[in-house]
Structures are given as structure tokens and as C-alpha cells.
Amino acid sequence: MLKRSFSSLTLPCRCCLLLGALALSACRSDAPPAPSTPTVGVQAVTTQRLDMQQSLPGRTVAYMVSDVRPQVGGIIRKRLFTEGQQVKAGQALYEIDPRFYQAAYDNAAATLAQAEASVLSAKPKAQRYKELQQIDAISEQDSDDALATLRQAEAAVLAAKASLQTARINLDYTRITAPIAGRIATSSYTPGALVTANQESALTTIQQLDPIYVDVAQTSAQLLALRKQMDSGALKAVNGKTQVQIVLEDGSTYAHPGTLEFVGTSVGTGTGNITLRAVVPNPSGLLLPGAYVRAVLPLAVNEHAILVSQSVVSRNTRGEAVVKLVGSDDKVSERVVQAGEAIKDQWVITDGLQAGERLVVEGGSKVAAGDSVQVRTVQAQQQAQAPAQQNAQVEAQADSALQAQAAGHSASTSQR
């Protein structure tokens, strides 16, 4: 019946009916699917014990430094050390021509012998004059003169001994020795050079490098903030000597940790920094004076620290750190937080989060504040997936979505 009525229609009417059917079919296939509630992965905010560390720039400084200078003048005859080697305290470094000082020593010794001989002559004479004066054989003035001559001879002996000691010291100074143990630098003078006593330029320099100092600078604002947190009870101070880890210029950690020995008592007026000094063992001599390093100091302990992945923290138009949370009504909200120190791939949140709140860690870019969502709990170890695994999951989800769309399109076509 339907076929006969359709065939009885004229050709223009048949064309209109076919076009209308095709348009209706196209509208049905292009109709958008019904919106669904998005799913996000959340994780409960937890607290943990955290050693608060601070990385500060610093420079290495020799533990002891001594400039070697001559104490007497003369011509250098020998250099008795190898440049760049370790020397011991008291080791001979240079030899100055000693002939002039040996002659002065011999002259002082002769003067002492002459003074002692005068004492040998004056002492018995003074004794005899004293006895004669007691029996009135001589005048009292003669006795006093003999005693004065003895005292002058004894004083001459003391002066001669002092001159001999001075001559001995000057003679010893012709062998210049190392005042401290350490590594010796290059020599500024060679044999044959003329040097003078207490000259301004040093012959060489000795530096003691084991242990070695590391001087670091901390801003007064950082120290003030740390003390305020300790006073409020948010942080607990580390007791005893603070251990210091040294990070070298290439980013590697030095094998021998040091200890913090000194905290500056004043703030630099030009920099606003406070100087901290650490003593670090340097048995192999790897650390040289003047090298740039970083010192990592564990300054305090935070018993209730909150750490979140850096990937879940974004910035708003004002540059503030923002995270997304899911409330008890399963709706998304945004909150401004205070992000402190970065530890590897995590931020230390100092304000804005409470333990037990549900933090959006997956799918946060697909939802906005106020959206209703379905919640899926994500374990802590699941957040640290490798990028390759995450990409594989994204690709698998995309393939599944494409397959479902293709299946739906085939079903609608078969129905038509």
C-alpha cells in the first residue's frame, strides 16, 4: 500500500521526501551526547616530620695562613723546599748567607769571655779590700771602689750574655723555617736575591687546609623568620652542633660533612647578611681556598610539615600559589596557599591547607571552581608515575574514547 502511494507520487515530490529523510538522519547523528560528571583523583592531605634545611652560598677559607718573611737581611744561598708540597712546622725553607752573623756571634762570645775575666780579677780584690777595711788598714773609700769595680764587671758579663743571645738569634734567623704546617705556595725569591729584615713582600705563603673553613652568608630576614617560627612552636630547634653538608661547584656532595662553629654577631651594613662559619675536614686537599660551594644546614625540625607535588600547584593572575580541593559536597574549590621551600619535586606548604582535606592531584585541569565531580582516591605512590606511563594511559583513554564513538556511530547508522 505504502509502495503504491509512493510510486504514485510525481518525481519532484519523491525528491523532496528523500532529502527530508536524509536531513533528519544527519541531525540525529550530529546530536551532542549528554554531559557527564567529570572524575578527578584526590588525595588526603597529611602531615609528616621534616628536617628544615637551608642551602646557602659560601667560599672556602684556609684554616691558617702564614706569610714567610725574613727576620734578617742578606743574600739567599739556598731554597730548601719543593713548591706546592706539604711542609712541617719548623722545617727549613731558605738559607741566608750566615757569615756576617757568625762573625757577630763570635765577637759577642769573645766580649762575654772578656767580661767574665774581669769579674775573676775584681772579685778577690774586692774581698781583700773588705777585710783590710775592717782592721782599718785601708780607707773605706778604697774598699767601696773595689766593690764598685766588681759590680761593673758583673754587669758587663750580663750585657755580654745578652749580646751573645742576640747574635745567636740573628744567626738562627739565617735559616728561615716554616711557622706552621701546611701546603706551601710558589717562591717569590730565588737563590742570589737580596732580602731585608721584615720586608713588605713575602718570600712565600703557607696555608693549612685540613681542616678548612667554609664561610657562608645568611640574610638577616631569613634568620629572623626562622627564629619567629621557633618561638611560635611551629619549628623545633636542632640541639647540639649542627652538621653541615657541602655541595661542590659541579653539584656533587662532598664526602666529609663539617660542623657549624660560629654564627656572626652583627649584620653587614652593605649586604644585610650574617656570616656563618663551618669547619670541614679536608684530608685529601680537594677543597682549595677561594672555591665557591654551597652549605646545606639542617636548622630546625617541622613536626607537622605538609608536602604536595609541584604539579598540583598553579599560579593565579596575581602570581599566588593555588590548589584545587574537593569539599564534602563533592564540589571543586580553589584556595590560595603559601608555598615555602622546594624539596625535589614537592612544595612545603606553610599555610592554607589542613590535614584531612581532599586535594585534587589528577584531572584538575578539566574542572573549575564550583563544578560537581566524581571522586577517585589516589594513593601516594600512584602520583609518581613516569612520564612514559602517563602518556600511555592518556593514549589508551583516547583510543577507548574513539572506539566508543565509532561503535555508537555504527549503531545509529544501523538503526537508520
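Analyst: We can go through the sheet, a helix pair and the salt bridges in turn. Keep in mind that this is a predicted model.

User: Sheet to begin with. In what order do the four strands of the open sheet come?
Analyst: The order is S6-S5-S3-S8, and the strands pair antiparallel.

User: Which strands are at the edges?
Analyst: Strand S6 (175-177) and strand S8 (194-195) are the edge strands, and each has pairing on one side only.

User: How many bridges join S5 to S6?
Analyst: Three bridges connect S6 with strand S5, residues 92-96, and the two run antiparallel. Within that pairing, Tyr 94 sits opposite Ile 176 of S6.

User: Is Glu 95 buried or exposed?
Analyst: Glu 95 is buried, at a relative accessible area of 12%. Arg 175 is partly exposed, with 43% relative accessibility.

User: Which residues are linked with them in a network?
Analyst: The network of salt bridges contains Arg 77, Glu 95 and Arg 175.

User: And how many salt bridges does the structure hold?
Analyst: There are eleven salt bridges in the structure. One of them joins Asp 67 to Arg 69, where the closest N and O atoms are 3.9 Å apart.

User: What cut-off applies to that one?
Analyst: The nitrogen has to lie within 4 Å of a carboxyl oxygen.

User: Give me another. What does Arg 79 pair with?
Analyst: The side chain of Arg 79 meets that of Glu 83 in a salt bridge, at 3.4 Å from N to O. Arg 79 has a relative accessible area of 36%, which makes it partly exposed. Glu 83 is partly exposed too, at 33%.

User: Switching to helices. At what angle do H3 and H4 pack?
Analyst: Helix H3 (residues 99-134) packs against helix H4 (residues 140-173) at about 160°, and their axes are 7 Å apart.

User: So are they roughly parallel or antiparallel?
Analyst: H3 and H4 are roughly antiparallel to each other. Angles over 145 degrees count that way.

User: Left-handed or right-handed crossing?
Analyst: The crossing of H3 past H4 is left-handed.

User: What sort of residues make up the contact of H3 with H4?
Analyst: The contact residues comprise 21 nonpolar, eight polar and nine charged.

User: Back to strands. What pairs with S19?
Analyst: One partner is strand S1 (residues 39-44), which pairs with strand S19 (residues 358-362) in the antiparallel sense over four bridges. In that pairing Val 42 is opposite Val 360 of S19.

User: And how does S16 pair with S19?
Analyst: Strand S16, residues 321-326, is antiparallel to S19, with two bridges between them. Leu 325 has Leu 359 in S19 as its bridge partner.

Key:
Residues numbered from 1 in each chain as written. Predicted model: local features only at pLDDT ≥ 70, side-chain atom pairs only at ≥ 80, totals over all residues. Heavy atoms only, no water. Pairing = 2+ DSSP bridges. Axes fitted to C-alpha atoms, helices over the stretch in contact; angles between N-to-C directions. Parallel < 35°, antiparallel > 145°, perpendicular 65-115°, else oblique. Left-handed = near helix turned anticlockwise from the far one by under 90°. Nonpolar A, V, L, I, M, F, W, Y, C, P; charged D, E, K, R; others polar. Buried < 20%, exposed > 50% of the residue type's maximum accessible area, 1.4 Å probe, protein only.
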